[in-house]
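We will go from stop to stop, selecting as we go.

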Amino acid sequence: MRWKTRTTAFTAALAAALAAAATALVAITFSAGPASADTGTGYLRTSGRNIVDSTGRTVRLTGINWFGMETDNKTFHGLWANAPATWKGQLDRMASLGFNTLRVPYSGDALRAGAVATGINDFTNPDLVGNSPLQILDKVVAYAGTKGMRVILDRHRPTAAGQTPLWYTAAVSEASMIADWVMLAQRYAGNPTVIGADLFNEPHAEGTEPNATGACWGCDVQARDWRLAAERIGNAVLAANSNWLVFVEGVSCLSGGVANEWDNIPDDPMACDWWGGNLSAAIDKPVRLNVANRLVYSPHEYGISVYDRQKWFNDPNFPNNLPAVWDFFWGKLAKQNVAPILVGEFGSTLANPLDTQWLTKLMAYIGDNGLSFTYWSWNPNSGDTGGIALDDWYSINQTKYNILQPYLNPPSGNPNPTTPGPSPSASPSRPPSPSPSVSPSRPPSPSASPSSGTGACTKAVVITNSWQGGYQAEVRVTNTSGSAVNPWTVTWTVPSGVALTNGWNATVTQSGTTFTAAAPTWNTSLPAGATVVIGFTATGPSSPAPSNVRLNGAACT
């Protein structure tokens, strides 16, 4: 996390810059592929904008950060809590709530020989007493794997002393950092629960232009260019474990320095973003790795509770101006099929009502574009955001969770196909969370001839969750005709008394007992053989299930 830098231009200039950026962004973008209902099988790869599993199914990671290993405790915070918030109990809780991925911040101090983990309740967690930080991490990885969760390791700081603008310090060299990563990559080789390395947390600007001393992107200064460093570090990681994904964050200001507001020179309103959030130059100056299909870009994004002077918070069109901001800084990488996006950190206390609008708009953007994410944080002791967990490390902040819930994709089973694991534990205090699937169909083939007509189709309707007074379902439709359907529309019938509350992967509306799912603008074509998966939640009875499913008016079998 996260002190950020700011821009110094006026809101009008910001609006003009965003308008120009929106004009430059291509209107026809690529869609995510059919999604796995869980975290997939085997190691993960990338395919254009998608993360896919070993079978080629698209996987959407919907995770959470559990920090502490980067601090003086050198292990997860909250291990001091009372039952039922044991270390396993907290992982059970995360999984049952629908978080399928755990991002684990660490510092180099936790990896050193003789490192001691502190802050452990020996009554509730007796099996952790006397374990080193790495041994505790091993146990968390192993247990998370039995829940079907994935794990991303995050080099959060060089040492427990605090965040730094560059990935190295006078005391901790880049070579030392690479050695730590190589050790971890080798330690978890052969274990597909651990899917990759978030190389360094929030490289950012330092110094006032023209005397920049912080992390830049594309400046070609070896000591400061984070893009070049990510290539060196990422390639070293892949040489040690070619199965890992490499997660690369952005910088804050491309130049590595903050604007000089006293020089009477107009400043670019889009020159700077949050620490780790600025990937605006990554299309023209991408990270180049030696192993194909391993790169995931991972920006950070925050609300007013973290820093209240980002210019876009004061735009008169807030929050509707925000998608253009995100498109400019990082969303275009997914929309133009360059690489997948995993939003690695985002959060707020929600103390300011504007932050509720911000988070709601962000989650809609993430859902509409089929992006992955790891929310900041599980921990209630994050000073400027709070957490999903409350102070007992088990009860949850229901307001935050209600915003995240429709976009969560709960874990199921074990990512290692040769090692079956026990079923996830159910949440003891509430129904399991919904499990929306990601984007419905793969990009149209360049040789396909889109058709606006009807076509043969097959359907499957699955009630994925139910509770007193409501349920969640998926309607899956496969185009079995010989040509694409463009644009596509799916309709189905529900019993009287059922009312729509939410839908995803399409624009879902209701008229009487008919639900209509219209293709989103970013995914209008359903190619021959492709499947669209539409998720929705509703109040009312789940039985009988939705019926009379049709694709552009044609009944599906």
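**Stop 1: H3 and H4.** Select these two helices: H3 and H4 are oblique to each other, because oblique covers the angles left over once under 35 degrees is called roughly parallel, over 145 roughly antiparallel and 65 to 115 roughly perpendicular. This is a predicted model: local features need pLDDT of at least 70, side-chain atom pairs need 80 or more, and totals for chains, interfaces and linings use all residues. Residues count from 1 along each chain as its sequence is written, and side-chain values use heavy atoms, without hydrogens or water.

H4 spans residues 174-187, and its axis comes within 13 Å of the H3 axis, crossing at roughly 40 degrees. Axes here are lines fitted to C-alpha atoms, for helices over the stretch in contact, with angles from 0 to 180 degrees between N-to-C directions. The crossing of H3 and H4 is right-handed: the near helix is turned clockwise from the far one by less than a right angle.

Now show side chains. Leu134, Gln135 and Asp138 of H3 meet Met183, Leu184 and Arg187 of H4. Contact means heavy atoms within 4.5 Å. By class, this contact has three nonpolar, one polar and two charged residues. Ala, Val, Leu, Ile, Met, Phe, Trp, Tyr, Cys and Pro count as nonpolar; Asp, Glu, Lys and Arg as charged; the others, Gly among them, as polar.

**Stop 2: H2 and H3.** The crossing of H2 and H3 is right-handed. From H2, pick Trp87, Lys88, Leu91 and Asp92; from H3, pick Lys139, Val140, Tyr143 and Ala144. These residues make the contact. They divide into five nonpolar, no polar and three charged.

**Stop 3: around H2.** How many of the 11 residues of H2 are buried? The count is 10. Buried means under 20% relative accessible area, exposed over 50%, and partly exposed in between (1.4 Å probe, protein chains only). Among the buried ones are Gly89, Met94 and Leu97. Their cover includes E4, strand E5 (101-107), H3 and helix H8 (398-404). Just after H2, click Gly98: its phi is positive, about 110 degrees.

**Stop 4: Phe67.** Look in the loop between strand E4 (62-65) and H2 for Phe67. Phe67 is buried, with a relative accessible area of 6%. Beyond residues up to four places away in sequence, Phe67 touches Phe76, His77, Pro105, Trp376, Ser377, Asn379, Asn381 and Ser382. Then find Tyr106: 39 residues from Phe67 in sequence, yet 7.7 Å away in space, C-alpha to C-alpha.

**Stop 5: the cores.** A nonpolar core is a set of buried Ala, Val, Leu, Ile, Met, Phe, Trp, Tyr and Cys residues joined through side-chain atoms within 4.5 Å. The largest has 106 residues. Select Leu153, Trp181, Trp226, Tyr297 and Phe346, which have the most contacts inside it. Helix H6 (residues 322-335) gives the most to this core, with eight residues. Zoom in on Tyr297: its contacts, leaving aside neighbours within four places in sequence, include Trp217, Val248, Leu279 and Leu333. A second, separate core of 25 residues includes Ala473, Ala517, Ala519 and Leu526.

**Last stop: the whole protein.** Zoom out. The protein has eight helices and 20 strands. These are DSSP runs, numbered from the N terminus: H or I of at least four residues for helices, E of at least two for strands. Of the 557 residues, 58% count as buried.
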